[in-house]
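Please read this briefing alongside the sequence and the 3D view. The points are grouped by topic.

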Amino acid sequence: MQTFPDGFLWGAATAAHQIEGGNVGSDWWLKEHAPGTDISEPSGDACDSYHRYPEDMQLLADAGLNAYRFSVEWARIEPEQDMFSRAAIDHYRRMVDTARDLGLEPVVTLHHFTVPAWFDASGAWRRDDAVARFSRYVDMLEPILRDDVRWVTTINEPNIAAMLARHRDGDAELQAGTMPAPDAEVSDVLVAAHKEAVVRMRGLGIKAGWPVATQAFQAIDGGEDTLEAYAWPRERFFLDAAKGDDFVGVQAYTRTQVTPAGPLPPADGVETTLTGWEYYPHALAEGVALSRELTDDLPVMITENGIATADDARRIDYTRDSLLGLKEQMDDGADVVGYLHWSALDNYEWGSFTPTFGLIAVDRETFVRTPKPSLAWLGEVARSKGTSLG
Ligand code: BGC
């Protein structure tokens with residue numbers, strides 16, 4: 001019988017650009033609409049969660065979850081350099097209050113892939129003052145966070161953000177499993193920006209960490225040395241940099257096998273998901289084990305884990321096996337504070353609405369929300385503290 005601890009966070013996660021809609025001041029919006037863009041579908045109204053967030057949170061709470069991870073959007077809070085929007089700050093404060101009123105622990109992300117268009121146009125993380133600009137933005141978030149937020153994830157998946165910086169320069173294709181090395185200079189800047197944010201959060205009595213995209217790299221056919229070199233800049237550097245934080249966020253979806261010649265795409269015949277990734281729920285346990293090892297056993301929060309599928313029964317299978325792997329790690333001594341499923345809603349998957357990760361379906365025309373069986377299933381796992389997993 002599986003039993004998770006009292007106070008364990010059971011929730012779901014989202015990110016502003018993927019669900020809010022109309023994020024017109026962001027770099028992504030501009031890229032979506034740039035002539036000749038390689039982005040196949042624009043985010044548009046997304047899930048209209050900028051207006052419908054109370055309904056989204058209500059559905060999570062009704063199901064039995066007790067936490068919600070969402071991000072605040074820098075492009076809305078500082079739409080032009082040094083012009084801060086009080087209305088946007090009030091908006092996100094209302095989200096925190098709504099979460100609390102519903103009994104959901106808010107886990108707030110300060111930066112989830114998107115930046116304001118003005119920041120991007122002036123060099124983004126390569127600006128000389130990039131860390132100072134980000135820190136000033138973080139300072140302005142105090143009214144949102146003060147008193148009622150206990151957990152903050154600073155910069156989402158810095159390893160992917162640093163890779164996106166190379167894509168931005170047009171010198172890298174984005175492909176699951178064969179991701180180009182993140183830009184090393186940008187990686188260092190992100191660490192500096194993160195550490196500044198951690199200090200600020202601690203000043204507010206908030207626990208801060210950053211969520212790394214763990215990738216369950218596995219050496220095969222003697223690929224150990226190649227794996228070492230491949231995995232460090234893409235994953236391990238960022239876990240190592242988490243040392244000294246309050247916790248580390250673990251995000252896990254699939255695995256990547258590495259031969260002496262490099263990473264392989266999923267083998268022929270294996271089950272793949274709507275993102276083309278191998279169905280591999282054990283990725284979560286492996287991500288937690290590696291994070292413990294590289295962070296000197298920091299507390300872990302599972303900040304994302306999920307599957308893009310149109311088959312909701314398969315989502316339940318995947319999540320059950322992920323949670324059983326997680327429990328093994330906990331029984332082995334891992335201090336895990338929560339599990340936040342990606343994602344609450346079927347949302348904008350960075351270029352397309354087709355890969356559906358949601359516990360809740362969203363009608364693309366009416367925005368009507370329809371909870372899937374997986375939401376009730378995860379809620380029951382939460383209510384039963386894991387005993388319903390068997
Ligand atoms: C990101 C999410 C994304 C998810 C599935 C993570 O890389 O943080 O924004 O939607 O994985 O691809």
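K385 follows helix α14 and has a positive phi, near 55 degrees. Helices (H or I, at least four residues) and strands (E, at least two) are DSSP runs, numbered from the N terminus. This is a predicted model, in which local features need pLDDT of at least 70 and side-chain atom pairs count only at pLDDT 80 or more, while totals for chains, interfaces and linings use all residues. Residues are numbered from 1 along each chain as its sequence is written, and side-chain values use heavy atoms, with hydrogens and water left out.

**Helix α14**
- Helix α14 spans residues 373–383, and its buried residues are S374, L375, W377, L378, G379, V381 and A382. Buried means under 20% relative accessible area, exposed over 50%, and partly exposed in between (1.4 Å probe, protein chains only).
- These buried residues pack against the helices α3 (49–63) and α13 (312–331), and also against the strands β1 (9–13), β12 (336–342), β13 (360–362) and β14 (369–371).

**The ligand**
- The ligand is surrounded by 13 residues, and the closest are Q18, H112, E157, E304 and E349. A residue is near a molecule if one of its heavy atoms lies within 4 Å of it.
- By class, this shell holds 6 nonpolar, 4 polar and 3 charged residues. Ala, Val, Leu, Ile, Met, Phe, Trp, Tyr, Cys and Pro count as nonpolar, Asp, Glu, Lys and Arg as charged, and the others, Gly among them, as polar.
- A polar side-chain atom of N156 lies 2.9 Å from a ligand oxygen atom.
- For W350, an N or O atom of the side chain is 2.9 Å from an oxygen atom of the ligand.
- The protein buries 93% of the 310 Å² that the ligand exposes when taken alone. Accessible areas come from the Shrake-Rupley method with a 1.4 Å probe.

**Residue P158**
- P158 lies in helix α9, which covers residues 158–168.
- P158 counts as buried because its relative accessibility is 0%.
- Leaving aside neighbours within four places in sequence, P158 is in contact (heavy atoms within 4.5 Å) with L190, W210, P211 and F238.

**Nonpolar cores**
- The largest nonpolar core has 94 residues, and those with the most contacts inside it are I77, L110, W125, F134, L145 and L326. A nonpolar core is a set of buried Ala, Val, Leu, Ile, Met, Phe, Trp, Tyr and Cys residues joined through side-chain atoms within 4.5 Å.

How values were computed
Polar contact = N/O pair within 3.5 Å; in protein donor to acceptor, adjacent residues only side chain to side chain.
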